[in-house]
Structures are given as C-alpha cells and as structure tokens.
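Please read them alongside the structure.

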There are 2 protein chains.
Amino acid sequence: MARPRPPHIVENILRAGEAVVVNDGYASASIASVARAAGVGVGSIYHYFADKEALLDWVVIRVLRPDLLLPSDLPIGAPPMAISEAVAPYLNVHVQLPCLHEAIARPADEPIVDELRTVIREFCDLVVRTDRVQTMVEVCSNDIEELRRAWYLDYRRMLASAYETYLRRRIEEGALRPIENPTFAARWLLDSAILFLRLRRLDYYPDELPTEHLSEHLVDMLLHGFAGTGT
Amino acid sequence: MARPRPPHIVENILRAGEAVVVNDGYASASIASVARAAGVGVGSIYHYFADKEALLDWVVIRVLRPDLLLPSDLPIGAPPMAISEAVAPYLNVHVQLPCLHEAIARPADEPIVDELRTVIREFCDLVVRTDRVQTMVEVCSNDIEELRRAWYLDYRRMLASAYETYLRRRIEEGALRPIENPTFAARWLLDSAILFLRLRRLDYYPDELPTEHLSEHLVDMLLHGFAGTGT
C-alpha cells in the first residue's frame, strides 16, 4: 500500500538507528531501542519500515551509500543490495589514495622524505575522514561475516599490500633504508594510525595525551620509523 | 569445618576458572561454566570454595600472586586481599625495568642507538613476558573499577611518564632528535608494542604477518622512529 513519506521523520529514525547499532551492535539492536532513541512509538517505526531487518539494513547501507535514495512508498522494504555489497561502491567513490598510487607508478622523488610524508599523511587523513564508516563497519562485522570479509580481508589486505609494494620499491631503489620486513612495516603504518587516530576513545587516560596535532605527531614518528638513518 | 585438601583438584579448578574468566569476563563467569571446564560437578566446586566470589577472586589473585599459598582448610574463603591490592606486589616483584631506570639516572651513552635499542627491547620483552597477567587484568578491568584504576591509571601512567622522562632527558642533551611531543612518543612506544605483541590475536589475517621475529621488527621501527635523522 503506497503512502507518501515525510522525509524528516524517516531520516530521524535512521539517525537514531545508527546510534543504536553503534552502541548495541547490529544483532542486538532492537526496534524498541531505535524508537526510544528517535522519540517515537514502536508502532511508528513499523509505519515507516516493513520490519527490523529492513530498518537496520537501511541504517547501515546509508552510512556507506549516502547517495542511495530511499523508496518513496511506505513501509520501506529491504534495500536493493546486501550490506557487504555496499562496501565496494563506497571504496570506489570515497577512498582514493592518489598520492600512494602515483608514487608506486614512478621512481623515487628527491627528497624522498617529502614524498614519504605525503604518502603517510594521505593515509592518516583517510583514517580521520572515514571514521564514521569504519565505526559502523567494525561494529557490524561482528555479526555480518560477509561484511567482515569484504572490509577486513579484502579491503584492508589490499591496502596493506599497496603500501608494501610502495615500500619495497623505494627500498630496492635505495631511496629508503633497508627495512628488513616491509610486510610488517606496511601493517605498522595501517594499524598504528588506526590505533592512534581512531581508537583513542578507548583510552584510559585521554586527558594526558593531547589530541590536538595528534595526526602531526603520528606522521612524524612514522616518517622517522621508515626513513630514519639514525642507526 | 576443616577438611584436608587434595591440591591437584583445587589447582585444576583454578586453571579452569582462569580460562572461563578470560573468555566470559569476571562478572559473567559462572560456577557452572567453571565446573564444566574443570570436568567436575557444581557440587564439587562448592566443596572446595565457599562461594563464587571466593573462587573467582582466587582465580584472579593467583595469576598476579602465584606465590600466595591457598588456605588448607575447606571450603576456601575469600583471599586475604582485594584483587586491586595484588597489583602493586606483582609489579614490585615481576615488573622491573633496570635498563630504563639506569638510563634515566645517567647522561647519554655513546652511541645513543645502542642504549635506545636496549631500552625499547626491554619494554617489548616485558610486554611478552607479562602477557598472561595483562590478559587477566584487561578482562577483569571491565568489571572491577579498582583494578582498572590500579593498572591503567596508576601503573600505565607511571610507565608512560618514566619513558617520557627518559626521552626528554636525551632530547635536552641533544643525543636524540628533537621529537616535538615526547608525551606522544612515550605513548607510541607503549601502545604500539602492546598492539603488535599482544593484540595480534585480534588480527583478521594473522597468517600474512609473520609473528616470528615480530619483536625484532617492532624494535627496529620504533628505534628509527625515535632516533631517525632521515628528515
């Protein structure tokens, strides 16, 4: 039965749903919690969404694909794609690493530290820029095996491999110090940037580590770790 | 009512209890799960331990204080100290950082990279050596506020502050590059060593990162991060 849709109420429910999923997890999120967070009755939710699965899937998909239009007929049914299928389009549109890929495609720039700083900063900026999506994917990956595979196995592995290729190339050219294990070094870049730029919220004493300029200090330590000639 | 105690059964229950607490958490661990893991009946557990709290507290305390003797009378009651009070004696006996403290007490050694490598390696070794205790403390800290405070606020803060003191001293002497934020650098050492040496088990694709020599690669990247003169 087609009914016209008041967009702000649906958007309000989706925003409340995001907070609930991030807090409770995808599998544990309930319609009652979303209704409470949105300040509407449970009946209202079912007026706009066909069932819990349709609501939660739209909540997650809209974080990855904000461009996707909601159907105008009510109640809204399942999205046109599985959550894990929304990862690739997201990455294609929002996750570009032009500095890294240009660097891989050409011989070493002189001075190498300028190029390296650009490449490291590009990744740190990416981590900060995609924080909302990463949080959602991380939470849902506990319950959605396909998503976990698409993000952590395929995408992260691809990223690590691209940075490793870059490092190996520069080491072979003699532009970087002979880092003994470039596989480790690439993971070092990825994991420590994610730890310091995203997971600070798990920190036990956040007040003692200034978050201002955190990204700069991180770039500095990583840059010296890769390029350092101090030994 | 005093009864003689067959030590191997009690030790068996304590070991099973450790596995259950690490897996389920301190607050969620149940006598039934411990009994199942130990391969004994629930009644047996109550034969040896007065109640759930006495059992779980002994499970945790014994990881921190393996030297502490269990009472010989059954059923065993509460341990002689709170869990959070066992942290300080553990640290005093098992967590010594002589290289760091000697380095803080004297002017820079030449060459500085040898001293720095020793100081970094000492911390990495500590992380590996205390893995079992850290796992237990981490799990229980979610439920025991006093423990969280003793370990993460007091102990970790003290550690970070000692490394920061060392770094500041060497920077002032001109023996290390002028790291802009030694507070960050000290946390960088602590947190990334813990991430790479302990939390690899959370890894999504562990097979691709060789764990052999992980500590060496880590020391290498940290060492260059601190001492590097590549910029």
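How far apart do the C-alpha centres of domain 1 of chain A and domain 2 of chain A lie?

1. The C-alpha centres of the two domains of chain A lie 32 Å apart. This is a predicted model, and the domain assignment gives residues 7-81 as domain 1 and 87-227 as domain 2. To the contact between them, domain 1 of chain A gives 11 residues and domain 2 of chain A gives 12.

2. About 1100 Å² is buried between domain 1 and domain 2 of chain A, and carbon and sulfur atoms supply 77% of that area. On the side of domain 1, the residues that lose the most area to domain 2 are A:Y26, A:V63 and A:L64, which together account for 48% of what that side buries.

3. The polar part of the interface can be listed briefly. Between domain 1 and domain 2 of chain A, 3 residue pairs are in polar contact, with both residues at pLDDT 80 or more. The rule finds 1 salt bridge across this interface. A:E18 and A:R132 meet through their side chains in a salt bridge, at 2.7 Å from N to O.

4. As for secondary structure, helix 1 (7-24) and helix 4 (52-64) of chain A are the elements that give two or more residues to the side of domain 1 that touches domain 2. Helix 4 of chain A provides the largest share of that side, with 4 residues. Sorted by class, the side of domain 1 that touches domain 2 has 8 nonpolar, 2 charged and 1 polar residues.

Notes
Residues numbered from 1 in each chain as written. Chains lettered and ligands numbered in written order. Predicted model: local features only at pLDDT ≥ 70, side-chain atom pairs only at ≥ 80, totals over all residues. Heavy atoms only, no water. Domains from an automatic or database assignment. Contact = heavy atoms within 4.5 Å. Buried area = accessible area lost by both parts, 1.4 Å probe. Salt bridge = Lys/Arg side-chain N within 4 Å of Asp/Glu carboxyl O. Polar contact = N/O pair within 3.5 Å; in protein donor to acceptor, adjacent residues only side chain to side chain. Nonpolar A, V, L, I, M, F, W, Y, C, P; charged D, E, K, R; others polar.
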